[in-house]
Amino acid sequence: MPPPALPSIRILVVDDHTLFRRGLMALLARDPRLNVIGDAGDAGQAQRKAQELQPDIILLDNHLPGVHGVDALPALHEAAPSARILMLTVSEDENDLAAALRGGAAGYLLKTIEGDDLTAAILRAMQGDSVVAPEMMSKLVAAYRGATTAVPATAATTTTAAVPATTLNASIASLSPRELDILRGIVRGASNKEIARQHGIAETTVKIHVQHVLRKLDVSSRVHAAVIATEHGLL
């Protein structure tokens, strides 16, 4: 007897453009791992739907009627505490990126993203990873530096700025040549599959290398690893 199918990821789509919203929902519906359970066109409706439906993932536009999506983050977190919120926006502004990260967004993606890459980002977010559009990686350090001045030291969010530079240097130096290559892939925002394809190795091997990189850098997410790498010029 085949094993039971894993439950699909329950998604709430929040965007004020009806045509884009419907198209996105149709795109996501093609993947059996994804289940779009609702949609909303403004922040108030999004909060009500989030509280009612308790989605796993909320895809949130940053330009909603009367409010920025990043300003709706606290209410959405309160309405659906276990949901992972991914910003999906046209904005490449580093201030919007910083606000999203400070607000607890699990990712920041651009609407130019390919469908397969969006699915991969959703799956990574469900695994507890933070996902940021490759185009935004170069702005990540500035965003985190801004976060250190805005977020109290006692907050749950941690930043690499709190780690002494000598510790970071030692951590980078401890990486093997292959691990450095993997880290450069992380900086580019590449998925494990993309990194594996580039280096001609198995995806499971890349996953092991990523775990080693995170452990050696003493961070819990690829985003934090990318910040450290960018600070050390590993682009």
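Helices and strands are taken here as DSSP runs numbered from the N terminus, a helix having at least four residues and a strand at least two. With that numbering, aspartate 31 falls in the loop between helix 1 (18-29) and strand 2. The model is a predicted one. Aspartate 31 is buried, at a relative accessible area of 14%, since buried means under 20%. The side chain of aspartate 31 also makes a polar contact of 2.8 Å with the side chain of arginine 33.

The protein as a whole has 11 helices and eight strands. Of its 235 residues, 46% count as buried. Among contacts between residues at least 6 apart in sequence, 68% join residues that are at least 24 apart.

Six strands form an open sheet in the order 2-1-3-6-7-8, and their pairing is parallel. Strand 2 (34-40) and strand 8 (131-132) stand at the edges; each has a single partner strand, so one side of each lacks a neighbour in the sheet. Helix 5 (residues 115-126) packs on this sheet and touches strand 1 (9-14), strand 2, strand 3 (57-60), strand 6, strand 7 and strand 8. The direction of helix 5 makes about 135° with that of strand 3.

Strand 1 and strand 2 run parallel and are joined by six bridges. Within this pair, leucine 12 stands opposite glycine 38 of strand 2. Strand 1 is largely enclosed by the rest of the structure, because five of its six residues are buried.

Further along, strand 3 and strand 6 run parallel, with four bridges between them. Here isoleucine 58 has isoleucine 85 of strand 6 opposite. On to the next pair: strand 6 (residues 84-89) is paired with strand 7 (residues 107-110) in the parallel sense, over four bridges. Strand 6 is mostly covered, with five of its six residues buried.

Helix 4 covers residues 94-102, and its buried residues are Asp96, Leu97, Ala98, Ala100 and Leu101. An α-helix has 3.6 residues a turn, so residues three or four places apart point the same way. After helix 4 comes glycine 104, which has a positive phi, near 95°.

Positive phi values also turn up in residues other than glycine. One of these is glutamine 54, with phi near 50°. Glutamine 54 lies in the loop between helix 2 (43-53) and strand 3. Its relative accessibility of 31% makes glutamine 54 partly exposed. Another is aspartate 218, where phi is near 60°. Aspartate 218 sits in the loop between helix 10 (203-217) and helix 11 (222-231). With a relative accessible area of 70%, aspartate 218 is exposed.

Helix 10 brings the account to a helix pair. Two packed helices are described by the angle between their axes and the distance between the axes. For helix 9 (residues 192-199) and helix 10, the packing angle is about 110° and the axes are 8 Å apart. The two helices are therefore roughly perpendicular to each other, a class that covers angles from 65 to 115 degrees. The crossing of helix 9 past helix 10 is right-handed. The residues that meet are Asn192, Lys193, Ile195 and Ala196 on the helix 9 side, and Glu203, Val206, Lys207 and Val210 on the helix 10 side.

Conventions. Residues numbered from 1 in each chain as written. Predicted model: local features only at pLDDT ≥ 70, side-chain atom pairs only at ≥ 80, totals over all residues. Heavy atoms only, no water. Pairing = 2+ DSSP bridges. Contact = heavy atoms within 4.5 Å. Axes fitted to C-alpha atoms, helices over the stretch in contact; angles between N-to-C directions. Buried < 20%, exposed > 50% of the residue type's maximum accessible area, 1.4 Å probe, protein only. Polar contact = N/O pair within 3.5 Å; in protein donor to acceptor, adjacent residues only side chain to side chain. Parallel < 35°, antiparallel > 145°, perpendicular 65-115°, else oblique. Left-handed = near helix turned anticlockwise from the far one by under 90°.
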